[in-house]
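Visitor: Can you walk me through this one? I'd like to start with pockets and then look at helix packing.

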Amino acid sequence: MEDRELIRRIQNGQKEYLNEIAEKYYNDIFYFCCYQIGSREDAYDLTQDTFLRFIRYVEHYQYKNLKGYLLTIAMNLCRSHLRTGLQAADTIQADPPLPGTQRPGSRTENRLLLAEALRSLPEPQREAVLLHHFYGYKNREIAQMTGASHAAVKSRIQQGLSKLQRLLDKEDFYE
């Protein structure tokens, strides 16, 4: 069933369809939070909070892009979490794998290096790179989600990728 129909049914009182939305988007939200925060435990809590906030306001949701809407909620919760200093882990843990990748043992170290490099980017650059390259959003969609201009998003992505390249080259990531 498409998102639009799920939302329509939920707004008409069929709350059982909330589970279908959570199952469909849980991993995307969880991985996004992991790469923003660096702690699986905190990412789990933030993912739960994302869906709880969505449930609380589902009656007011105007369908546009459900995954983008959920990622925007998660992004705002992650920002708030980082601002309040509740971050529990200073370094990213061995999990999670990058979205869409397998978990062959030979790549674990590369995934860790990439995750650490991503975490070292300034928050706006990290968000833009993650949303664009890991989740496939277009610059204008990211601009809407983050409240930044199209030019700012384009710049953040370019600067973020450039910094990632330098960091990964320094770590001999490609060997």
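Guide: A pocket here is an open set of points on a 1 Å grid with protein on both sides within 12 Å along at least five of seven lines. The model is predicted.

Visitor: Fine. How much space lies in the largest pocket?

Guide: About 260 Å³.

Visitor: Which residues line the largest pocket?

Guide: The lining consists of Tyr61, Gln62, Lys64, Asn65, Gly68, Tyr69, Thr72, Tyr137, Glu141, Gln144 and Met145.

Visitor: And by class, what does the lining have?

Guide: Five polar, four nonpolar and two charged residues.

Visitor: Which helices each supply at least two residues of that lining?

Guide: α4, residues 66-83, and α7.

Visitor: Stay with α7. At what angle do α6 and α7 pack?

Guide: About 135°, with the axes 10 Å apart. α6 covers residues 123-134 and α7 covers residues 139-146. That angle makes α6 oblique to α7.

Visitor: Is the crossing of α6 and α7 left-handed or right-handed?

Guide: Right-handed.

Visitor: Which residues meet there?

Guide: From α6, Glu127, Ala128, Leu131 and His132; from α7, Asn139, Ile142, Met145 and Thr146. By class, that contact of α6 with α7 has four nonpolar, three polar and one charged residues. Met145 is in this contact and also lines the largest pocket.

Visitor: What makes the contact?

Guide: On α1, Asp3, Leu6, Ile7, Arg9 and Ile10; on α2, Tyr17, Leu18, Glu20, Ile21, Lys24 and Tyr25. Seven of the residues in the contact of α1 with α2 are nonpolar and four are charged, with no polar ones.

Visitor: Then α2 against α3. What's the geometry?

Guide: The axes of α2 and α3 (residues 40-57) come within 8 Å and cross at roughly 140°. The two helices are therefore oblique to each other, and their crossing is right-handed.

Visitor: Which residues of α2 and α3 make that contact?

Guide: α2 gives Leu18, Ile21, Ala22, Tyr25, Tyr26, Ile29, Phe30, Cys33, Cys34 and Ile37. α3 gives Arg40, Asp42, Ala43, Tyr44, Leu46, Thr47, Gln48, Thr50, Phe51, Phe54 and Ile55.

Visitor: How do those divide by class?

Guide: The contact of α2 with α3 has 16 nonpolar, three polar and two charged residues.

Visitor: Which residues of α2 turn up in its contacts with α1 and α3?

Guide: Leu18, Ile21 and Tyr25 are among them.

Methods:
Residues numbered from 1 in each chain as written. Predicted model: local features only at pLDDT ≥ 70, side-chain atom pairs only at ≥ 80, totals over all residues. Heavy atoms only, no water. Axes fitted to C-alpha atoms, helices over the stretch in contact; angles between N-to-C directions. Helix = DSSP H or I, 4+ residues; strand = E, 2+ residues; numbered from the N terminus. Parallel < 35°, antiparallel > 145°, perpendicular 65-115°, else oblique. Left-handed = near helix turned anticlockwise from the far one by under 90°. Contact = heavy atoms within 4.5 Å. Nonpolar A, V, L, I, M, F, W, Y, C, P; charged D, E, K, R; others polar. 1 Å grid on protein atoms, 1.4 Å probe; cavity = no way out; pocket = protein on both sides within 12 Å on 5 of 7 lines; lining within 4 Å. Points joined across faces, edges and corners; volume = space filled by probe spheres on them.
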